[in-house]
Amino acid sequence: MFQTISEALEWASSQLAEISESAKLDAEVILLHVIHKQRSYLYTWPDDRLNGEQIDSFTQMVSRRALGTPIAHIVGEREFWSLPFMVNPSTLIPRPDTEILVETALNLPLAHSAKVLDLGTGTGAIALSLAYERKEWQITAVDKVIEAVALAKANRDHLQQPQVKIIQSDWFDAVDCYDFQLIVSNPPYIDAEDEHLNQGDVRFEPQSALTADEHGFADLYYIAAAAKDYLAPGGYLLLEHGFGQALQLRDKMIALGYESVATVRDFGSNDRCTLGRLPR
């Protein structure tokens, strides 16, 4: 079997090579979680020996990963916007591509104490990242899944962002504010027939948070239409979407009366989010 850190990483990398494109990194993340150390420790003390409990835990976690379980579910955490977010199977795992939505929101010319709404908050990653950067913003985050609301509240407490209001709501149903300067959302936007739903981490995530009717456009279109009643004049709507949905979403938002409609690309140069502004 293995005894030392270097031996453990070598064994795990070989076990995960066929199911993960980042087998070495996966092995490192799991081992760091088991031994509660920083990444530099792996290279500074490669000959350190693991105890029996650590070996058992590491072996079990690598076995779960070999079956396809997402790393985030195994270790219970995923970094987003350089912040640690607790995760569980009740909602989506935050993805790096969504950071462009946060960056775009932060660059908008909003008031000092702008009112912001995050629809379908999940882990709370978007709302809490915005709150971390803009303490004075009045941010409300909603999700229809009660387990997701509980998780977002736990992340709010862990990240010490008590100013963020988190409530259960099916999109706008429980929202009673009608003058938001910004509404953001990363809604379900994948076609239910998409073959990628049978691959990778998404197999372990709730389909309700991934797929939408009308070839993935149903929730995007609904939010775009309904948001007009909850935005202040001149307020912005910012939506994440799939890389092939930008043109149709822009056309829809323009038809709904939004101005300055534009799409922003993510760090992989894929169309990732589209924004528009209500007339003043």
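Visitor: What makes the seven strands β5-β4-β3-β6-β9-β11-β10 a sheet with mixed pairing?

Guide: In this predicted model, the open sheet has its seven strands in the order β5-β4-β3-β6-β9-β11-β10, and the pairing is mixed. Strands here are DSSP runs of E with at least two residues, and helices are runs of H or I with at least four, numbered from the N terminus. Two strands pair if DSSP finds at least two bridges between them. Strands of a sheet pair through backbone hydrogen bonds, either parallel or antiparallel.

Visitor: Why are β5 and β10 called edge strands?

Guide: β5 (165-168) and β10 are edge strands because each pairs on one side only.

Visitor: How do you know that β6 and β9 pair?

Guide: Five bridges join β6 to β9, and the definition asks for at least two, so they pair. The two strands run parallel, and V184 stands opposite L238 in β9.

Visitor: What does helix α9 touch on the sheet?

Guide: Helix α9 (residues 218-226) touches β3 (115-119), β6 and β9, where contact means heavy atoms within 4.5 Å. The direction of α9 makes about 170 degrees with that of β9; axes are lines fitted to C-alpha atoms, for helices over the stretch in contact, and angles run from 0 to 180 degrees between N-to-C directions.

Visitor: Why is helix α6 called mostly covered?

Guide: Seven of the eight residues of α6 (residues 99-106) are buried, so the helix is called mostly covered. Buried means under 20% relative accessible area, exposed over 50%, and partly exposed in between (1.4 Å probe, protein chains only). Among the elements covering these buried residues are β1 (77-80) and α7 (125-133).

Technical notes: Residues are numbered from 1 along each chain as its sequence is written. This is a predicted model: local features need pLDDT of at least 70, side-chain atom pairs count only at pLDDT 80 or more; totals for chains, interfaces and linings use all residues. Side-chain values use heavy atoms; hydrogens and water are left out.
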